[in-house]
Amino acid sequence: MNQMPTKAEILQWITENPTLAAKRDIAKAFGIKGAARIDLKRILKELEAEGHLEKRKKTYRDPDRLPPVSVLQVMGATPDGDQLAKPLEWHGDGAEPVVLLIPRASDPALGEGERILAKLQAVTGEAHHYEARLIRRIGTNPSKVLGIYRKGTEGGRILPIDKGQGTEWQVEASATGGAQDGELVEAEQSGPKGRMGLPRARIINRLGDPSAPRAVSLIAIHQHGIPDDFPDEVIAEADAMKPAGLKGREDLRDLPLVTIDPADARDHDDACYAHSDDDPKNPGGHVIWVAIADVAHYVTPGSALDGEARKRGNSSYFPDRVVPMLPDRLSGDLCSLHEGVPRACLAVRMRVNEFGEKIGQTFHRGIMRSGASLNYQEVQAAMDGTPNDKCAPLMEEVIKPLYAAYETLKIARKNRQPLDLDLPERKVALSDEGKVLSVNFTDRLDAHKLIEEFMVLANVAAAETLAAKKSPLLYRVHEEPPEEKLDTLREVAEAAGLVLAKGQVLKTSHINALLHGAAGTDHAEQINMSTLRAMTQAYYSPSNFSHFGLALMAYAHFTSPIRRYADLVVHRALISAHGWGDDGLGPGDEDRLEATAQHISETERRSMMAERDTNDRYLAAFLSERVGEEFTGRISGIAKFGAFVRLDETGADGLIPMRNLGHEYFHFDADSATLMGSESGRIITLGQRVTVKLAEAAPVTGGIALELISVEGKTMPQGRGRARGQPPKRKLGSAKKKAAKTKKKVERTRRD
């Protein structure tokens, strides 16, 4: 038997091997076997009692850790000229870590004693423990401007691109940041407000050509009027916040909750944990915990933070940036469930039976500590048999129980039959300079579906609990499609040789039967897109009209209060309903629920449009270097001015204008959504496979123009013929007679 290690040697091992910190791992590392394990257990308990270690289930970890976004106080410079900072949110009992500031060229000079918000990265093998990069100074909130830089004899000026801002900004020669004449730049105010002459600005970011990719999202933000600059009083309120304490809360820190998000997630507002239900009356059942950041503790009714959050309605996400609903002090720090950091939360404990049906729930206001920040890909890889160092210690107690609970929820989902649309999501990948590297369709992993099902279950629990307590709340409503849109969907289905039931109460199972019938055929994408177009848009309402798409009677958004104001209202309603404090629903919240519902439904649509426009511009920029190349795709839309095509490679939508359809004139029939050649009788309709040539891609507008080469493998006639943009000459007659004759011809040709 090897000699028993000292406490210092054990601590050193845990520090160097954080993923191998279970007792059996420590015993194996030091060659401890048999009865000697009892002595090892005693030493570990002593270290835990002394505060050097913290035990989470079977794993020992160092509790002394800073959150990835933290408030620091700038200290003096070292003899080598390096600038250090003091962490102001240190929760550990050990020695305070040393933080080294890593300045960027565009960062302002920082004085000793200043407080800053910074992003931290832990390092090893250095004299310091963390490296920090400035986000912003605490208590400062300079005005921002986006515009075109015009060079002058000394410095220059910035001409804002925002139509609502006509004032130019003066830039000193020392504050241009190397910007060139005509470049799009991002700048911030320099010097005090209200001085004589033009306001002064300092360029903090050169975006280059106004039509270049890095400018795309900023232009969309300004064009759609999305607020992207927090007022001073909002920043001041956020900066004054302190982490919530344990008083009046349940201690949930022993629960091995984990966050599972995209690898590039900017915030973590939900965590989960599951285990088998030990109640003998519920064999095969599970207990599922979902914990959500307690934003309501920090954003209270009537505050400046609340007013700004309501105004924004939601966060807006773009490929290269996010416009948050809350300042970064909250969204990236106090309200983000960072690994190993105590955070305030609202949690729901749900019990499901062996068929995945929820049989009970209780809500809790507590303090949690995330055991790990994981991403979808590594969690799925772990379940598929290749766990990495981070997931390996979590397999038995955390990851496998999560998937076991998910398997039961899949049964309930199959019985409930929510709308089962197959619409792959595309992801634009950018370089550090903002150039589009690739456009890929993201994989839908079981890890994604697991989190989705957990969140849906938690949202249902919130809606049902508040409804039972007769509390006002905002429901997420999705009404069934109107009859005229269903008729159009039926026509598309019939043209594809499929059937959508008629003459009975519509259920999602009827639409799913259509979708499943089309799956694996050439009509799959067409049916999915047509079904999506038939749906109404979901919205928020204080009245419950159910959720058709999810096949749920009551549904509310509860799981994302960092990025959606509706969830914050639901959190406040839960706080009031349970009597957890005076930061629940305020009188203003209840009185204006209807107005709030309408407003945040509109801000959600505004963000969707801005995000869509941004993606369109990025796709156009990506394709602009491939003008003249041929692509395959499907007809995704028919209009009187041409046909839309969704390209297979990128999912981009382009327009074939009438002049690029062929050598003949095409009649447009709105009822059948078709274009018919006046001479050949050729029909162009939704879902057809086509080959097109890229004629134009305009990054500034996002427009993509195409030329039709072939339809369903048949080459379109080109060359001389009747003018493509003009109808054939006809004898004079009423417009109605012409339309009726054209419609009959279309129907006859389709039958043939």
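Q: Let's start with helix H12, which residues in there are buried?
A: Keep in mind that this is a predicted model. In H12, which covers residues 508-518, the buried ones are Thr508, His510, Ile511, Asn512, Leu514, Leu515 and Ala518.

Q: And what do those buried residues pack against?
A: Three helices: H9 (395-416), H11 (483-495) and H13 (524-534).

Q: Which residue with a positive phi follows H12?
A: That's Gly520, with phi near 80°.

Q: Switching to rings. How many aromatic pairs are there by the rule used here?
A: The count comes to two. In one of them, the ring centres of Phe363 and Phe558 are 5.6 Å apart and the planes are at 90°, so that pair is edge-to-face.

Q: Where do Phe363 and Phe558 sit in the chain?
A: Phe363 belongs to strand S20 (residues 358-369), while Phe558 is in the loop between strand S25 (539-541) and helix H14 (565-578). The pair therefore ties together parts that are 195 residues apart in sequence.

Q: Are Phe363 and Phe558 buried or exposed?
A: Both Phe363 and Phe558 are buried.

Q: OK, what's the geometry of the Phe641 and Phe644 pair?
A: Edge-to-face, with 6.0 Å from centre to centre and 90° between the planes. As for accessibility, Phe641 counts as partly exposed because its relative value is 43%, and Phe644 is partly exposed too, at 30%.

Q: What about the strands S26 and S27, how do they pair?
A: S26 (residues 630-639) and S27 (residues 642-647) run antiparallel, with six bridges between them. They make a hairpin with two residues between the strands, and Ala639 has Gly642 in S27 as its bridge partner.

Q: How many bridges link S27 and S28?
A: Five, and the pairing of S27 with S28 (residues 653-657) is antiparallel. Ala643 stands opposite Ile656 of S28.

Q: Which residue takes a positive phi in the S27 and S28 hairpin?
A: Gly651, near 80°, in a hairpin that has five residues between its strands.

Q: New topic: which strands make up the closed barrel?
A: Five of them, in the order S3-S4-S5-S7-S6, and the pairing is mixed. On average, neighbouring strands of this sheet are turned by 50° against each other, with direction ignored.

Q: How do S4 and S5 pair up?
A: They run antiparallel, S4 being residues 83-87 and S5 residues 99-101, and two bridges join them. Ala85 has Val99 in S5 as its bridge partner.

Q: I'm also after charges over rings. What does Arg312 lie over?
A: The face of Phe230, at 3.7 Å from the ring centre.

Q: And which ring does the charged end of Arg476 sit over?
A: The ring of Tyr540, 4.6 Å from its centre.

Q: Last one, Glu172. Where is Glu172 found?
A: In the loop between strand S10 (169-171) and strand S11 (184-189). Glu172 counts as partly exposed because its relative accessibility is 36%.

Q: What does Glu172 touch, leaving out residues up to four places away in sequence?
A: Gly155 and Arg200.

Q: And how far apart are Glu172 and Arg202 in space?
A: C-alpha to C-alpha they are 7.7 Å apart, with a separation of 30 residues in sequence.

Definitions and conventions. Residues are numbered from 1 along each chain as its sequence is written. This is a predicted model: local features need pLDDT of at least 70, side-chain atom pairs count only at pLDDT 80 or more; totals for chains, interfaces and linings use all residues. Side-chain values use heavy atoms; hydrogens and water are left out. Rings of Phe, Tyr and Trp (its six-membered ring) pair if their centres lie within 6.5 Å; planes under 30 degrees apart count as stacked, over 60 as edge-to-face and the rest as tilted. Helices (H or I, at least four residues) and strands (E, at least two) are DSSP runs, numbered from the N terminus. Buried means under 20% relative accessible area, exposed over 50%, partly exposed in between (1.4 Å probe, protein chains only). A charge sits over a ring if NZ of Lys or CZ of Arg is within 6 Å of the ring centre and within 35 degrees of the ring normal. Contact means heavy atoms within 4.5 Å. Two strands pair if DSSP finds at least two bridges between them. Axes are lines fitted to C-alpha atoms, for helices over the stretch in contact, and angles run from 0 to 180 degrees between N-to-C directions.
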